[in-house]
Amino acid sequence: MISLIIEITYYSVLFLLALKSVFDFKKYGFAGLKFLNVYIIVTACLEIYSYVLLNIDRSISTGILYNFYCLFSVVFFYFFYRKIFEKLRKRILDIIFTASLFIYFGFTKFYKTDFDITIGVLISFFYIVISLLWFYQKIMLFDENKITSDPVFWISTAILMWSCFFVFRSVPMFLFNKIDPEFLKLIRVNQNIINIIMYALLYVGMKKYENKIYLNPNHE
């Protein structure tokens, strides 16, 4: 019962956040929120579509959708952070991004029906590295404003937290499905809790962007 409530809460939060993102496009435009709304909408469409599909037919595999979604996420956050990073961090980001694409296309089965665990590990480490790079840059560069006033703080915290847990979830996923399905269910419930927290943090980041736009209409 509790797991069902958490599951419904997660999809409700994601749906409402996607709805807000749609309205934000009309209000602030594409560049204003650093196109974070695109990520939210794509994620919501995929998650809700997969959820409905699996509830109709449990035998259907949506793994291939998530294989390509992970590629989309890597590309998205590469451009997201590249606009923020200073020169040295941009070079590091370029190397990490190129290596990630090389691994994705050369060493994963992204074209298969099932989700590739290697892709799950790849996107997790990509998120961890780029978020830590941002925190390092933020600490090294003098800024009189509080770090919590920066929208990217909340976004980086969200993806860092999510990726650390997702490594734990994705690596033993198929093993536990065979030897301990009950424990796998518990991991899925915890993943939904992490997802809820993640999107709550992204919401805070979006609100911080709105405050910047309100104070400076020309801000991009």
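From the N terminus on, the elements of the protein chain run α-α-α-α-α-α-α-α. The model is a predicted one.

**The chain as a whole**

Next, display the surface. The protein chain exposes about 12,100 Å², of which carbon and sulfur atoms supply 68%. Of the 220 residues in the chain, 45% are buried.

**The nonpolar core**

Hide the surface and select Tyr 39, Phe 77, Tyr 81, Phe 126, Tyr 127 and Tyr 199. These residues have the most contacts inside the largest nonpolar core, which has 59 residues. Which helices supply at least two residues each to this core? They are α1 (2-28), α2 (36-56), α3 (63-82), α4 (87-107), α5 (117-140), α6 (151-170) and α8 (181-215).

Now centre the view on Phe 126, one of the residues with the most contacts inside the core. With residues up to four places away in sequence not counted, Phe 126 touches Val 74, Phe 77, Tyr 78, Leu 93, Ile 96, Phe 97 and Ser 100. Phe 77, among these partners, is likewise listed with the residues that have the most contacts inside the core.

**Asp 150, between α5 and α6**

Move to Asp 150, which is found in the loop between α5 and α6. Is this residue buried or exposed? Asp 150 is buried, because its relative accessible area is 14%, below the 20% cut-off for buried residues.

Show the side chains around it. The side chain of Asp 150 makes a polar contact with the side chain of Lys 138, at 2.8 Å. A polar atom of the Asp 150 side chain also lies 2.9 Å from the backbone nitrogen of Val 152. Leaving aside neighbours within four places in sequence, the residues in contact with Asp 150 are Trp 134 and Lys 138.

**Tyr 66, in α3**

Finally, select Tyr 66, which lies in helix α3. What is in contact with Tyr 66, leaving aside its neighbours within four places in sequence? The partners are Leu 46, Glu 47, Ser 50 and Phe 115. Tyr 66 and Asp 114 are 48 residues apart in sequence, and their C-alpha atoms are 9.0 Å apart in space.

Notes: Residues are numbered from 1 along each chain as its sequence is written. This is a predicted model: local features need pLDDT of at least 70, side-chain atom pairs count only at pLDDT 80 or more; totals for chains, interfaces and linings use all residues. Side-chain values use heavy atoms; hydrogens and water are left out. A nonpolar core is a set of buried Ala, Val, Leu, Ile, Met, Phe, Trp, Tyr and Cys residues joined through side-chain atoms within 4.5 Å. Buried means under 20% relative accessible area, exposed over 50%, partly exposed in between (1.4 Å probe, protein chains only). Helices (H or I, at least four residues) and strands (E, at least two) are DSSP runs, numbered from the N terminus. Contact means heavy atoms within 4.5 Å. Accessible areas come from the Shrake-Rupley method with a 1.4 Å probe; for residues, only the protein chains shown count as cover. A polar contact is a pair of N or O atoms within 3.5 Å; within protein, one must be able to donate a hydrogen and the other to accept it, and residues adjacent in sequence count only if both atoms are side-chain atoms.
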